[in-house]
Structures are given as structure tokens and as C-alpha cells.
Amino acid sequence: MIVSKKFKGIISAMLVVLIMASLVGCGKQEPAPGGGTATGGGGAATPSEGFSWDMASGSKIQVMFNQHTYADGIIQKIPEFEALTGIKVEYALTPEENYFDKLTTALNSRSGNPDIFMTGAYQLWQYAPAGYVADLTPFIEDPNMTNPDYNMDDFFPKIVDALKWDLVPGNKVGTGPQWALPIGFETNNLAYNKKVFEERGLEPPKTMEDLLKLTKELNEFDGPGTYALAIRGARNWGTIHAGYMTTYSNYGAVDFAVEDGKLVSKVNSPEAIEMTEMWVDLIKAGGSPSWSSYTWYQAGADFGAGKAAMLFDASCNGYFQNPDGASQEAGNLAWVSPPLPEGMTQINSNLWTWSLGMNEYSKNKTAAWLFMQYFTGPEYQLWAAINASAVDPARQSVFNDPEFQAVFAKSKGYAQAMEETVDGTTIQFTPQPHFFETTTEWAATLQDIVGGKYASVEEGMNALKVKMDQIVSDVVIE
Amino acid sequence: MEKSMNVHYTHDKHNKVPFWTKARPYLIIAPSLLLTIGILVPFATAIFYSLTNYSFARQGYEFVALRNWQNILGSSVFWHSVKVTAQYGLLTTGLQMCIGLGVALLLMRENRYTKILRILLIFPLMIAPVIATLIWQLMLNNSVGIVEKFLNLFGVYNFPWASSPDTALMTAVMIDCWVYIPFVMLLMLAGLQSLPKSPFESAKIDGGSAWFTFRTLTLPMLKPFIFIALIFRLMAALQEYAIIFALTKGGPGNTLMNLSLTGYNTGFAFMKLGEALPYLLFLWAVIYFISSKLVKAWLKVQKQAAGN
């Protein structure tokens, strides 16, 4: 069969057009919707007079959760929320290893799905400048949109302020739009196995020097396979964020300073080097031999299984091991506030807060806001703290509730450690858009220092400073 | 004149090919054409974005020409990841080919043990590599791992496995081999069983040694199967992501940061898609080059094995 050149040409041209159209479609940048208005987004009735839980009845919202205890509590209560509001909720639960990759891709599509997502503060430093997150301030300030019983002042100020940022790299959190609302938080403290300590007549450490001494003493405390101190060491930001950053700030060290309109890494300051030397000594003296692959999960599991005598990590990590039946050492675990360097009295701790954010491109903002109110509100928060292991509630009323205090009291020293630490708990990192890259590089360098790649800690931290300065070199502060 | 025109008209009408006849070949190849487009569009998109500063962390992007490519080619991180990719690919593939072939030869004997072993030895293939890695992590754990307990019997304590830069690659290669040796073994076993019996019987009658028979008969006739296994395994090993990520996330330090992990981290964890794509496109080019050479070699040995 003879097919004309003209026909072939038409087919070829159609294919080229199709491919080009696909390319253009993939790269298309949708304009941001009218951002930050409480009435923004369609799909739900916009109330004009008075707050009502059923003001978005008939809407449907999509929620993305990280697989976590905090999400488990919310999922249990979704049917009650649906019955109260008439809003249909669909959700996706993703393990933490892949959660933020999936969320980033979903938000980048600017499709409005999910309407609501679980996030931490660090992620907001990337999502908010990209325009993915709705400013919640107009919703909070609108009496037609917000339940009079919601009570924003009930949140611990430093916890809720950690989710405010003015989008200027280098500026601390606490000012600017409210990008998310907390469903719980984590401070960092030292958990120890009181049975192990009592058997040996030991006292929990107050200073870092005490901690190092105990770490040496308790290494292989119950024979081979047991060790003194469980801490994170995996090659990601989590290794720097928990016990390390808490201690780093207690030594008076900072990650960055702003100099001449640029971010400059300070990881090779004398305080930073001294602190890192101490941290490396702790790992070498009595950390897990598998330290460099340890995330919060492995560290907590070893502590609960009686393989580690102490755990310097997120407050709730050890707490989850303590209820009856949760682990082999359940009931034997106790807490003190983070050990301080000799001579220091002010306790600082780095903050992590799981929170709920709203997609700027959501087509159901009223319904999404009702969901956020319900699950960050005082009633749900109290229920979750007592019944769903949502420990470290972000609301003061929950923290002071007698029933919750009774739950807390079952874990020796937990409440006291929390009270001593909470006022100094804030985000110790400098907000900047390359947070995950700089902290991953930091964790990799820490692994190299422990692995002996560098002749000294100072050499390693000097090399890290060069890398971090390079990573943030495109950040200009105006 | 009128007659002549009529004749001409009739001639044209009979020779005009109907549209559907002309379109038929295109309709027949339409499914594969769609598939090709499905592959080409993301590929072309990737090339396009590798020439931009596209980032998930900001709105819009700019065309930066070859800047991303120049940056990675001048970066020690890139060359380190190339080295890790090559080391990992060659070590895992080499070991898997040798051990897979050896096990297949052992399983050629017909008895009740080999029948059971043929079934048991393919179990690792039924487990997702990432799950296999998590299982190995538990087994190698210095506190609770069964391998650690076994080593303790010989006075070895706290073997560093994936925790040390000196042993991390070996640990990852070991897990990769555990997962994929059964795949090579299966292919080899199928190949061995398909070989004609008469040349081997002749060699036996002539008193040829086992090594002589293997070298001069088995190996040359098995070459097409060896090449198939080599193509599959080398391609996958050069792209490996799951095992390394689940084991160490590329650590300790940058020890196991291969091209896939570096590209993925740059693109998704650090949100710099434009900077990440050159890593992945470079990996694609390497794999394309090697696989095309191997496929050509495979076609050649297949002809040789068929006696052409």
C-alpha cells in the first residue's frame, strides 16, 4: 500500500503537537487563588452571620495523614465530626518515610487535593514561600468562621507561635501569618530505666558531664548487646533535630547568623565544636553500635526492650514505651529534663509540633477550616490526650486537666520534666528554605566524624560550615 | 474528448485508497505508539526541566540552559555517586552471576533434596527488596539480631555491618545478593535444563573431565541465558534505590550515595527538581549505552549457540 508523504507528514505533525502540548501542560503554572481569605475557595457555603458547625454541610474534604499516634486519634473521631458537620471526610495514611515526598508532590500539583495535611514547622519553611499553604489568620479572626469556644489563647504560646513565620529567611518563627495549628508537640528530654539505675544506686544526670560518666559506666550494663544511651544517628534531619539540637542550643551554639544580608553557618563556633565533641564522646562511650542507622523508632524500641539504659530523644518516644504492655520495660521508665552543660541553668529544648495545615488551593476551605477547628479544639484535644496517647498536648487547659494529670502521673518524672522544659521549648533552628539539605549534610558529617573520616571534630565542623554556606548561598535576606 | 475524460475519472476512482485503508497501519501500531508517547513525554519533560531551575519550594522557574549539567559535572558529590553506582553494580552483578550459576549447576542433579531446594531457594524473590532489607536489619542488629548472636559464639561482638563506612557497601551487596541470586539461579537452571543431552553424553563417553565439559560445552551453550541474566541484573543494580535507602539512607556519611539516591534526595527531600534530573538522566544514558551493547552481544551469542 502506498501512503502519501503528505499523510505521513500530517501524522508526524500531530504527534509533535501532542508531545509539545503535554510538555506545556506539565509545566503550566496555575495562578494562586485569592490567598488568605476566610471566604476563599468554593464548594461550600460562605457564612455571613454567626458560627455554625453545619455551615459547610454536604462538602467533601480530603486529608493526608502521616502514620502516627496523633493521626490514629483523629481517624477514630472522624465519624463524630462527620455527624456534627455533615462534611464527608476522606483520608490517606502514609508512613513517615514517604509521607512528605508524597505531600510535596500533591501540593505542587496545585489541584487542591488534599484540603488538609499533617505537617511540622520545618516543612512550612518550604511550603509557605511556594504558596502551597493557606494563611489561617483570617479564619481565626473571623467570628463567623470560628467557634467562640475555640480559644486560641489556650495554646502554649511558644508552640502555636512556632507555626507563624514572616517568610523572611533568617527571621525567627513567632511573627507573621499563622500557617498551621498544632495537634500536639514534642520537646526533648532524657528518659532512663529506673530499675537499672536503682539496682546500681545511680542518680539520673543533671549535667552533660554526668551523662558522659553514666554512659561510660552503663555501657553493656546487662552484658553484650546492651548499651547505655539510645540516640538517633540516621542520615537525615531527624538526627540533628532531637537530642542533638537541644544540647546544641544549651551550649549556646546557633546554626546560622545573618551577616550582610546573607545566612552564614556557625557550626564551627567554639560552642558548636565543644558540644559536638561531647556528643561524639557519648556515642563512642556507650551509644548503639548500629547508631548510624538509628531513627527515633529504633532508639525508642531499644529503650523499651531494655537494650538501652537511657534515651535522649523526643519526650513522647519513651512515653509510648511505658504504658502497660507497650514494651518489655513498661512501667520501669522515668524522665528528667535535658542535662545541661556545666554552669548553665536555662533549659532550652528544640520543638517539634505535629500540626494541621490547609492547602491554599483547597476548593473547600470552609469545610477544611471546620475540620481543623474540631481537631485542634479543646474538646477533642482533651479526649485524645486521655484516650488516644496524644501526649504533650498543645493546649494548656488539657495539660492542667486533673484527669490528664492522673495519666501523666503514671510516668515518673514526665510531668516535672515537661514543666521544667516547656518554657524553653521552641524551634532552635533558623528558618530557611534549605533546612532539609543543610541538616541532612549535618547528619552525614556527624556520621563521618564518628566514623573517623576527620582527624578532629573541629576539622569536620569546618568542612560542614563550608558545605552549609554553599547550600544557602542563594538565600538573600532583604 | 468526453470519452477520454470519463476513462480518466474511472481510473482515478479505482486507484484512490480509502481513508481507513490508509489509516489501518497506524491504527494497528496505535497501542505501541501510545506506549511510546507515554515513555517519551516524561522523558522529554525530564530533559526540559533539567535545563531549568524548577523547584518544588518556589513558584515558577527559569530557563538556565546547561547550568545544572555543568554544576554536577564539576561536583565531587556527582563523581562520588558515579563511583558508588559502578562499585555496587559490578560487585552485586558479578557475585550474583557466579553464585547463581554455581547453585544452578548444583541443583541440576535429580534427587529429593534438590527438588525441595529448588522451591525453597526462590523464596527471597517473593519478598519485596525493601522488606528483605528491614528483615536483614533486624537480623544484623547488634542488640537483638540472630546473626550477631551467631557471631558471638565465635567471640565476635558488635560487628559494625551497615554502621561503618568500611563495611556498609559489603552489607548492602550481601542483602542484594540474598534477594536476587534466586533470580539468576532460576534463569540459569532453565537454561541448563534446555541444553541438548547428546553433546554431554559424547563428552562423557570420550572421558572429558567435568571442568572440560563445563568450559567447552556448558558455558558456550549457556551464554544466551547468562547474557539475559546479566542484562537484567546489571541494569537493576545500577539503578538500585530500595535496599540502600532502607538500610542506611546512603550513609554512613556519603558512603552509599549512588546516583539514584543522590538524584532522589536532591529532587524530593531538597525539592530541587531541576538540579536532580541531570543525575537521573545521566544514569539513564549509562544504562542505555550498556544495555544496547549487551543486547547486541546477546543477539550475537544467541546466533552462535544456534550454530549460525
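Helices (H or I, at least four residues) and strands (E, at least two) are DSSP runs, numbered from the N terminus. Axes are lines fitted to C-alpha atoms, for helices over the stretch in contact, and angles run from 0 to 180 degrees between N-to-C directions. Residues are in contact if their C-beta atoms, placed from the backbone, lie within 7 Å.

This is a predicted model, in which local features need pLDDT of at least 70, side-chain atom pairs count only at pLDDT 80 or more, and totals for chains, interfaces and linings use all residues. Residues are numbered from 1 along each chain as its sequence is written, while chains are lettered from A and ligands numbered from 1 in the order in which they are written.

**The sheet in chain A**
- An open sheet of 5 strands has the order 2-1-3-12-4, with mixed pairing. Two strands pair if DSSP finds at least two bridges between them.
- Strand 2 (88-94) and strand 4 (180-186) of chain A are at the edges; each has a single partner strand, so one side of each is left without a neighbour in the sheet.
- From one strand to the next, the twist averages 20°.
- Strand 1 (residues 60-66) and strand 3 (residues 116-119) of chain A run parallel and are joined by 2 bridges.
- Val63(A) has Ile116(A), in strand 3 of chain A, as its bridge partner.
- Helix 3 (residues 96-108) of chain A lies across strand 1, strand 2 and strand 3 of chain A, at about 140° to strand 1 of chain A.

**Domains of chain A**
- The domain assignment gives domain 1 (60-187 + 352-400) and domain 2 (192-350 + 431-474). Such bounds come from an automatic or database domain assignment.
- Their centres, taken over C-alpha atoms, are separated by 28 Å.
- Domain 1 of chain A puts 17 residues into the contact, and domain 2 of chain A puts in 14 residues.
- On the domain 1 side, helix 4 (residues 121-127) of chain A gives the largest share, 3 residues.

**Where chain B meets chain A**
- In this contact, 40 residues of chain B meet 40 residues of chain A.
- Elements giving two or more residues to the chain B side are helix 2 (19-28), helix 3 (30-50), helix 8 (146-152) and helix 13 (259-269) of chain B.
- Helix 3 of chain B gives the most, with 6 residues.

Conventions:
Contact = placed C-beta atoms within 7 Å.
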